[in-house]
Amino acid sequence: MDVAAHARRRKACDFCVSRKIKCDGLKPTCSNCTLYGVACAITAVSSGRRRAPLRSVQHEQVASPASQPDRVDALEARLGNIESHLAQLADATLLTPEVSCRPEASECNSLQPASQGPVREQLELPSLPELLPVVDSYFQNYNRLTPLFDEPTFMRMLLDWYSSPSKRTVVSWAAINVVLAISFRILDDLSMEDPRLSSCVRNVQSTMADLMTWQEDLLGIQVLLGLVVIFQGGPDPQLAIVLIGSAIRLVQRMRLPSKQALIGHSPAVALHRNRIFWIAYILDRDLALRARAPCAQLDSETDIDVPDEDPDDGIDIFYSPNGSVRFNYLRTRVQLAFIQGKVHDVLYSRRAQSLTQQQRLASIARVKGMLFDWHKKIPEEFQQAETIGHLPQMSIQFLTNMYFRHLECLFRIRSVFLFDEAWINRVVCYLSPAVIEIRDDEADSEVMRSNLPPLPNGWAECVNYCRHCLTLSHLSQQTEHSFWLTTCGSSSCLIILIVNMIEFPDHESVAADRDRIDRGREIFEQRKSPQRQEHCDMLAVADQLDRRARGQVKRIARSHAAEFSGLVDDELLAWATTSSPHTRPTPSSPPLSKLTAEFPADVKTLVKPAPDRPGDEHDRGFQRYSTTKLTNVMSMHDLNRRLQQVRVKPFPFTSQFARRLPSTKDPNLSGICVTAMDPGGLVDSRAHAHQKPAVRAMFTVINALLPFLRRFTTEVRRSADSARDLVELSVGDEFKGVRGYHIGVRAAESALVCKDTTKLDVLWAACWGWAGLADHETVLKNANAKTD
């Protein structure tokens, strides 16, 4: 954010002042300027209410010739600023056609500074031969199943753009860009950082003011919904949540939910208006349930019919591989979106909190019945993975996404959703030695179910649905966009299948489930984002559960060898009897000490250790050294976690909807990355000066042989090698945005205790006491807010 020297008393940027909305003052770009894609700056302006100076000061200023040039320079600068604004306003009139009733000419220019939006000379597009194949691919694949645009109308607008420059508008330019962006993101699987995709998205964001005030046709709504589709399939859907609220407000302003508004329209226009509304309705329900926020479009305010079962143009229709069965995808998604709203009402609404236990159970039972009936109405050919696998790839992706939306509703109602607090608390119980005792040399103990709550009702149904959805996800071409759309459901499936293997290690599908788990883990490892700490935590939990599952299968294989061998193959037996490649290491004894690093029961001994017993001085000293390293790594994980938990208010944009949104991560703090580096085994460390003579002699030999040993290991090194790695890890471009524990520059897994939140909280509180501070005295004062 560019701030003028003598305008620092004003905190709001130019754009927020012109729009009369609250500016959060984020640097370098505030939230509103980020949303609209405009430059964030504070122009130097003089205050209209200046305090009158004292008479003596006035006399001094008049008498002093040195103050005159400064005043003249300020006046000239202000005059130049006014002249530039006048020139920009004159250029903006070029956007108005000779005969037009568009609201931009009469309304938009009064709502938005002319310097913020693109002018006609800036409305650039690729050449028509380069653009047509991308647009054609969009309509042949994506738009055929989600008819966001009417193809004849869009193509006519596109050809007019290139043949008649006088017909060009900012909104039509944004519509072309959003079609390109959807094609690049969903069909071509480009990342959001790709120059082609990011350029299209920036172009659309620069027209936000025009989109919000466009009332000539539905194009503004369509572009907003296209942006929602793009941002929905990303690691952070917050921008999509805000945008869908704006789109729904525009939908209501254009009276799309009203059947009365269709009077006077042709059947084709009425059909298109209905489809646009139902697409917005589906996106609203998807994002509202994901955010646990109320829907923007209420069912009581909707009086139009659901899409026809058999539309005349054949859009939205899936055909079975042999062409004998038809399935209306959009109609089915609308029906599911209605149930999603009911799930929110039963679980997360304010009214739900006031229900008695009996009323709550009755409401949940009704929603379960709705979910069952919805699934039962789908033709059998579109429920079987074998049949779905023969459909086109885009159809498989749409069906997979639909089934995962249904799965999330089912899991939330059954209380086995990944982010359900009670379910996670039960899952973590498996990591306790009181439930499963881990044994390295022999089979693990049997699960002590007396220390566990019972499995939720309908467990077998949830497990079977996990298998179905994971099988579908493996059939489709996994893109980054589809991964983020289904990540909550697929991660829930992963945990449920592992828990089922722990509870029932002798079931007949254990081998197939093991394959599903491995393939699911592989996808998560490939798509793992360092910005999403919850997914890293989920993988850490899955690793430990996977170790328990192996132990239970191994126990059954040993105790019931004859019966168990008929259920599994040799590969599964080998998997159960070998250590897990994903298992996190636990603290081990330092090679130079008999004692292991451990977090003490009394945290005060970290700074005031008890006296060593005679003969233990050497081992205790190295234990304190390794424990110090352990607590450093614990602090690193805890600080990363708390930086992600600092919450701020959502965007002030569309404040009526935004007030119902959950708080969001602080963008200034959540981007901070904390790392911890283990330098490795340093052969020239000064600590070796206090070793026994034989040990010092050994390190002298290792130091001499180090050039040869580097061919076999990188764990043994000199201090200079570790110093270079430390600099590279701290400021190297390759490690920008990287968090976590490293050995040198190689990412490594830390000990289990490093992510034990109970111990982390104890250490955190103790550190504040030792420092004489409280966390509310720092920028982390909101770090204890509940995460979404």
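The exercises below concern a predicted model.

**Exercise 1. Helix H32**

Solution: 
- The buried residues of H32 are Leu760, Leu763, Trp764, Ala766 and Trp768.
- Residues three or four places apart in an α-helix point the same way, because there are 3.6 residues a turn.
- After H32 comes Gly772, with a positive phi near 75°.

**Exercise 2. The nonpolar cores**

Task: Find which residues of the largest nonpolar core touch the most other members.

Solution: 
- The largest nonpolar core has 159 residues, and those that touch the most other members are Phe149, Leu225 and Phe411.
- Helix H9 (residues 170–187) gives the most to this core, namely 13 residues.
- A second core is separate and has 22 residues, including Leu643, Leu669, Val674 and Ala748.
- Not counting residues up to four places away in sequence, Phe149 touches, among others, Tyr138, Phe139, Ala175 and Leu219.

**Exercise 3. Ala175**

Task: Decide whether Ala175 is buried or exposed, and state what Ala175 is in contact with.

Solution: 
- Ala175 belongs to helix H9.
- Buried means under 20% relative accessible area; Ala175 has 0% and is therefore buried.
- With neighbours within four places in sequence left aside, Ala175 is in contact with Phe149, Phe154, Met157, Leu219 and Val223.
- Ala175 and Val204 are 29 residues apart along the chain, and their C-alpha atoms are separated by 7.8 Å.

**Exercise 4. His637**

Task: Decide whether His637 is buried or exposed, and name the residues in contact with His637.

Solution: 
- His637 is part of helix H27, residues 617–645.
- The relative accessible area of His637 is 13%, so this residue is buried.
- Apart from neighbours within four places in sequence, His637 is in contact with Ser750, Cys754 and Lys755.

**Exercise 5. The open sheet**

Task: Work out the order of the three strands in the open sheet and identify the edge strands.

Solution: 
- The order is S7-S10-S11, with mixed pairing.
- S7 (675–678) and S11 (746–747) each pair on one side only, and are the edge strands.
- S7 and S10 (residues 740–743) run parallel and are joined by four bridges.
- Asp678 is placed opposite Ile743 in S10.
- Helix H31 (residues 719–731) lies across S7 and S10, at about 165° to S7.

How values were computed
Residues are numbered from 1 along each chain as its sequence is written. This is a predicted model: local features need pLDDT of at least 70, side-chain atom pairs count only at pLDDT 80 or more; totals for chains, interfaces and linings use all residues. Side-chain values use heavy atoms; hydrogens and water are left out. Buried means under 20% relative accessible area, exposed over 50%, partly exposed in between (1.4 Å probe, protein chains only). Helices (H or I, at least four residues) and strands (E, at least two) are DSSP runs, numbered from the N terminus. A nonpolar core is a set of buried Ala, Val, Leu, Ile, Met, Phe, Trp, Tyr and Cys residues joined through side-chain atoms within 4.5 Å. Contact means heavy atoms within 4.5 Å. Two strands pair if DSSP finds at least two bridges between them. Axes are lines fitted to C-alpha atoms, for helices over the stretch in contact, and angles run from 0 to 180 degrees between N-to-C directions.
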